[in-house]
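Q: Hi, could we go through this model together, slowly? I'm new to this.

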Amino acid sequence: MDFNFTEEQSMLRDMVRKFVDKEVKPVAQQIDKEHNVGLIQDILKKAAPLGLLGIPFPEKYGGAGMGEMGYCVLLEELSHGCASTSVTIGAHIGLAGMSIFLGGNETQKEKYLKPLATGEKIGAYALTEPGAGSDAANLQLTAKEDGDHFVLNGTKLWITNGDIADTVVVYGLTNPELKARGGITAFIVETTTPGFSANRIEDKMGLRGSATAELVFQDLRVPKENVLGQVGMGFKIAMETLDESRLSLAAATIGSAKELITMSVDFAKKRVAFNQPIVHFQAIQFMIADMAAEVFQMESIVYRTAWMYDQGNKIPREGAICKLFCSEALDRIVDKAVQIHGGNGFMGEHPVERFYRDSRVNRIFEGTSEVQRMVIAEDVLKKGSY
Ligand SMILES: Cc1cc2nc3c(=O)[nH]c(=O)nc-3n(C[C@H](O)[C@H](O)[C@H](O)COP(=O)(O)OP(=O)(O)OC[C@H]3O[C@@H](n4cnc5c(N)ncnc54)[C@H](O)[C@@H]3O)c2cc1C
């Protein structure tokens, strides 16, 4: 069952599906087992000439002009194959590129968004710090004005693409007293700038092929023309970027969920117990039915919200609802998929085991489930009704 896609969106879906079958699925297990970021970088090099690294952005910035709907289609399809690849591309487009698209001026978009959209450069988004996760406004990284530069000092933690990026959007404190109310500023930082260093964090439960890094900024000088938007606008840019990115993250969970249903049905048809394929047991069929019912809900809310976003609506509540519902639904689905696979689902050679580990982080990054509930409640309470 497909959403009512335009012809262009359907063509994109078919093209990405073929790309994933040919270039991503065959190496997904190897990426995971070897923590092989290099294989993902090879995939990025193949995705770039197809225009996949700039799907949502206008053509004048090197993108494909396919908006949020197109971007959700891309992430859904990528996630059929490999969550590490999908997250790498998601951080590049939906976090780094989107921050510049939403907050940047024309010169910045020309200089920094275009090379990201064409895949010439890779991007990262650095908000989280050791003491600022859910409490994202509690940043300690300082940005002090010095002539025509700002000088950055501090540490960012768990930054996707942090050590493979050329361009990092960094959020820092320009006024410690104001914090989220005008004290945070976003900067575009080139990672070749003296004072930048990145240390990869290898030991993770999942997403083992996605580069996650600690970033250290030591007396790093950023020219003032690299301030995104205006001084003090950083928190607004960070949050508006997350509104969009949470939706695309939810789209990614749909691809994983559909792939898990396919794997489970295939397995249940082949696996024999009590002299018959286990697919004949109602207990198995009910699990498959519940998985399908959740996927239908996930698709319905994600593509409805993507359509709303493309119509120019703000989606803080809807993006948070999509992320909350879809990340939790995926965990229920992947749990059933492992159950249907029995012991095989627990063994490292089976992709379902990788999906199980990779899925868990969706309830944590880009705001935990608790943070999504806070965002939703705040919006509902502000309006006083649904
Ligand atoms: C693999 C990975 C990749 C990441 N990539 C990036 C990236 O590219 N860029 C980036 O900036 N960040 C990134 N992050 C960071 C991520 O966004 C944070 O981990 C996330 O926002 C949660 O913050 P925390 O881990 O500090 O959890 P904490 O804030 O320490 O939360 C711990 C627990 O307390 C709960 N909690 C906290 N406050 C409240 C409250 N007020 N009410 C109720 N419960 C609360 C949380 O929900 C959670 O259950 C990444 C993280 C991971 C794991």
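A: Let's begin with a term: the radius of gyration is taken over C-alpha atoms, and the globule rule is 2.2 Å times the number of residues to the power 0.38. With 386 residues, a compact globule would have a radius near 21 Å, and the protein chain has 21 Å, which agrees. This is a predicted model, where local features need pLDDT of at least 70 and side-chain atom pairs count only at pLDDT 80 or more, while totals for chains, interfaces and linings use all residues. Residues are numbered from 1 along each chain as its sequence is written.

Q: How many helices and strands does the protein chain have?
A: The protein chain has 10 helices and 10 strands, which are DSSP runs (helices H or I, at least four residues; strands E, at least two) numbered from the N terminus.

Q: And what share of the residues is buried?
A: Buried residues make up 49% of the 386, where buried requires 20 or more other C-beta atoms within 10 Å of the residue's own, with C-beta atoms placed from the backbone.

Q: New topic: at what angle do H7 and H8 pack?
A: Helix H7 (residues 282–310) and helix H8 (residues 316–341) pack at about 160°, with their axes 10 Å apart; axes are lines fitted to C-alpha atoms over the stretch in contact, and angles run from 0 to 180 degrees between N-to-C directions. That makes H7 roughly antiparallel to H8, a label for angles over 145 degrees.

Q: Which residues make the contact?
A: Among them are Ile284 and Met287 of H7 and Phe325 and Ile333 of H8, with contact meaning C-beta atoms, placed from the backbone, within 7 Å.

How values were computed: A residue is buried if 20 or more other C-beta atoms lie within 10 Å of its own, exposed if 12 or fewer, and partly exposed in between; C-beta atoms are placed from the backbone. Angles under 35 degrees count as roughly parallel, over 145 as roughly antiparallel, 65 to 115 as roughly perpendicular and the rest as oblique. Two residues are in contact if their C-beta atoms, placed from the backbone, lie within 7 Å.
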